[in-house]
Amino acid sequence: LGAPPPPSAPPPQAESAHALPAHGQHPPALASPPPPLEPAPEAGSYFTPLAQLTSRFFVRPLPRLNVDRASIAVGGFSNSGDFAIQFQTVFSATVRGVCADDGQPFGCATTRFPRDALIPQTRASSVPHCNGCPPDLTLPYDHCKSHSHFVDPALLAAHAKELPACPAPSYEAAGGACIDDVSFLNASRSYLTRSECRTYTGPAVENTR
């Protein structure tokens, strides 16, 4: 029958870019370098590529409105009513009216009156700043609402008049450490209501007026 034919050599295999090099050899160079990685956002940056894409297509500049500057008013309920009163007083040259439901008088929340009780000032205190309190003591939260008969509106009015008035044209000229002249309030109109009868006791709303 004769001797069998010699075994044929295996077909050559294509070199893989991921094949491990033999000992002592350098790995083969890739046909093309990998694409560069995107740079990481800077520390403290809140913008991600998605946010940048969203802002590019969905953020639009605010429109210029035809506002009657002589008829600007603010309003709010409860804590936003407090804010409306503060805002009207600080910017009384611009704001001509306020509508506040359960709002406190200007500066009342942080002002100590002679009959007010005091509590220790801690991290849990809800009144971190108090005008007229001894060190390490502060006022109870909402003392102008729950103990409205302690409030002296004349004292609050005097404190507001003592604050530096902003020079023309705006409070920015004084770095924000001023309010508009309180005499502008004489021409403003106020609408005050009360709905939280359990919180706003006694003359709480009348004190704001």
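Exposed means over 50% relative accessible area, buried under 20%, and partly exposed in between (1.4 Å probe, protein chains only). This is a predicted model, where local features need pLDDT of at least 70, side-chain atom pairs count only at pLDDT 80 or more, and totals for chains, interfaces and linings use all residues. Residues are numbered from 1 along each chain as its sequence is written, and side-chain values use heavy atoms, without hydrogens or water.

Q: How far apart are the end C-alpha atoms of helix H2 (residues 79–90)?
A: Helices are DSSP runs of H or I, at least four residues, numbered from the N terminus. The expected span is 1.5 Å times one less than the number of residues. With 12 residues, H2 should span 16 Å, and the computed distance agrees: 17 Å.

Q: Within what arc do the buried residues of H2 fall?
A: Gly81, Asp82, Ala84, Ile85, Gln88 and Thr89 are buried in H2. The arc is taken over directions from the helix axis to the C-beta atoms. These residues line one face of the helix, because they fall within an arc of 160°.

Q: Which residues are exposed on the other side of H2?
A: Phenylalanine 83 has a relative accessible area of 54%, so Phe83 is exposed. The other side of H2 has these exposed residues: Asn79 and Phe83.

Q: Stacked or tilted: what is the pair of phenylalanine 83 and phenylalanine 87?
A: Rings of Phe, Tyr and Trp (its six-membered ring) pair if their centres lie within 6.5 Å; planes under 30 degrees apart count as stacked, over 60 as edge-to-face and the rest as tilted. By this rule there are 2 aromatic pairs. Phenylalanine 83 and phenylalanine 87 have ring centres 5.7 Å apart and planes at 40°, so the pair is tilted.

Definitions and conventions:
Helices (H or I, at least four residues) and strands (E, at least two) are DSSP runs, numbered from the N terminus.
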